[in-house]
Amino acid sequence: MVWLKRRRVLVLASIFILTWLVIIIYTPSPSGSQKNANHGAKRGASQQKPPQSGSRRSGKLPRIRIVDVDENPSIDKEEQKIETQLRDASQDFSDNKNLTFSKIKILDGENGDSKALLNIELDLIPHALPEGVRTQGAIWNLAGSWVNSKQITPADNPDLGMVLNAMANRPIVKADIGYKGTQLKARLELSGGQWVVFKPGRYTRDHVIDGTPYAGYDRHTGEIAAFHLDRVLGFHRAPIVVGRRINLRTEIKPVASQSLLNTFLNRGNQTCFYGKCYYCKPEEPACADEHDMMEGSLTLWLPRDKKLKKWHHLWSRTYRDNKKAQWEHDNNYCQGVLEKYPLEKHRHIMDILDTAAFDYLIGNADRHQYETFEADGDQAMLLLMDSAKR
């Protein structure tokens with residue numbers, strides 16, 4: 001009996017050992033690179049900590065490249081090859097193997113992933129007020145202190161989300177007609193003494209404007225998109241903009257000036273206003289919804305000591321169908337511009353080239369003039385203001 005028990009134990013042990021030998025022999029071992037990658041991933045996971053409020057990741061802003069990819073598959077083999085390479089280089093955007101591209105993709109210039117854009121996103125998150133920013137006006141003074149000859153907002157700016165949050169939520173204490181121009185706008189004062197420009201929404205998000213590049217009203221969403229694109233491209237020359245929904249009846253009319261109130265009217269059950277501008281008229285007011293709510297954009301007013309100088313855009317259009325601008329028919333026009341405004345003396349000539357790419361991306365075809373800070377003279381940076389057309 002003892003011998004039978006020992007024999008049974010030996011048989012079971014042998015089967016167990018043989019089973020593990022088969023598993024070990026026929027299971028491929030990970031390569032050295034895989035082991036290192038797994039080890040690095042585990043080590044990174046153990047060391048990674050959730051971002052704290054106001055914390056920053058080290059490093060500079062990403063060097064980005066923008067690629068234009070056709071939405072429809074191309075029949076050209078070379079284009080298909082390029083699209084395949086782009087798709088392989090940007091798998092971090094999506095785990096979907098059948099990744100589809102929108103018209104524009106923004107990729108990190110080093111390795112094609114999106115992680116380097118994290119700081120730009122983190123800046124939009126509001127956090128607790130820092131020491132010294134406790135009074136009503138301190139937050140606006142902070143935003144004003146960022147503005148100088150080289151920037152309107154800093155590249156590394158963890159307090160930006162706090163300013164955007166204040167713009168979107170601070171009570172409106174005054175409302176008046178907007179400054180002169182071609183488009184409807186209102187001037188609002190938020191608690192703490194900060195003026196902002198309100199551009200009302202005139203279209204649905206998916207509305208397509210037909211006609212000339214300068215046809216139609218301004219898009220309030222265009223101003224918002226321009227502000228964020230300005231940061232992504234590293235220009236930092238656009239004023240701070242945020243979207244906001246405002247109740248015209250309870251938030252605007254009680255604090256509005258008489259000049260603004262005179263432009264209010266009712267259309268059915270909708271509250272509307274048409275303001276004062278070159279093309280503003282009672283027949284074309286901006287109207288809230290049936291609950292008196294109006295969506296629009298708020299643009300932060302620049303500090304009062306920053307006086308602006310207006311320049312005629314050297315490549316502006318004529319706004320006449322039967323007349324072309326000189327740059328449209330004169331092949332030597334660019335050479336003449338460089339002779340009159342040499343690059344070493346006029347910084348904003350180079351800024352105009354940057355702005356041309358910027359306007360193409362946001363679909364703005366109406367930059368007939370631009371502004372710089374008057375005190376900076378010919379070396380002033382071109383400010384990316386009034387970017388809401390189309």
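In which segment is Asp386 found? Asp386 lies in the segment after strand E12 (369-373), and it is one of two positions, with Asp218, that an unreviewed UniProt entry lists under "binding site". The model is predicted: local features need pLDDT of at least 70, side-chain atom pairs count only at pLDDT 80 or more, and totals for chains, interfaces and linings use all residues. Residues are numbered from 1 along each chain as its sequence is written, and side-chain values use heavy atoms, with hydrogens and water left out.

**Annotated positions**

- UniProt lists Asp218 and Asp386; such positions are given in the numbering used here, feature names are shortened, and annotations may be inferred rather than shown by experiment.
- The two positions are spread over 169 residues of sequence, yet they cluster in space, with a largest C-alpha distance of 9.0 Å.
- From this set, Asp218 belongs to the lining of the largest cavity. A cavity is a set of points, on a 1 Å grid over the protein atoms alone, where a 1.4 Å probe fits but cannot get out; lining residues have an atom within 4 Å of a point.

- Asp218 is placed in the loop between strand E5 (194-200) and helix H7 (220-232). Helices (H or I, at least four residues) and strands (E, at least two) are DSSP runs, numbered from the N terminus.
- Asp218 counts as buried because its relative accessibility is 9%, whereas Asp386, at 46%, counts as partly exposed. Buried means under 20% relative accessible area, exposed over 50%, and partly exposed in between (1.4 Å probe, protein chains only).
- Beyond its neighbours within four places in sequence, Asp218 is in contact with Gln183, Lys199, Arg202, Tyr203, Asp386, Ala388 and Lys389; contact means heavy atoms within 4.5 Å.
- With residues up to four places away in sequence not counted, Asp386 touches Lys199, Asp218, Glu223, Asn364 and Arg367.
- The side chains of Asp386 and Lys199 make a polar contact (3.0 Å). A polar contact is a pair of N or O atoms within 3.5 Å; within protein, one must be able to donate a hydrogen and the other to accept it, and residues adjacent in sequence count only if both atoms are side-chain atoms.

- Strand E4 (residues 186-190) is mostly covered, with four of its five residues buried.
- E4 is joined to strand E3 (residues 172-177) by five bridges in an antiparallel arrangement; two strands pair if DSSP finds at least two bridges between them. Ile177 has Ala186 in E4 as its bridge partner.
- E4 also pairs with E5 in the antiparallel sense over five bridges, and Leu188 stands opposite Val196 in E5.
- Three residues lie between the strands in the hairpin of E4 and E5, where Gly192 takes a positive phi near 105°.

**Sheet E7-E8-E9**

- Three strands form an open antiparallel sheet in the order E7-E8-E9. Its edge strands, E7 (264-267) and E9 (286-287), each pair on one side only.
- Four bridges link E7 with strand E8 (residues 270-273) in the antiparallel sense; Cys272 in E8 is the bridge partner of Leu265.

**Helix H11**

- The buried residues of helix H11 include His348, Ile352 and Phe358, and its buried residues pack against H7, strand E11 (308-312), helix H10 (333-340) and E12.
- H11 is followed by Gly363, which has a positive phi near 75°.

Notes. On a 1 Å grid over the protein atoms alone, a cavity is a set of points where a 1.4 Å probe fits but cannot get out, and a pocket is an open set with protein on both sides within 12 Å along at least five of seven lines; lining residues have an atom within 4 Å of a point.
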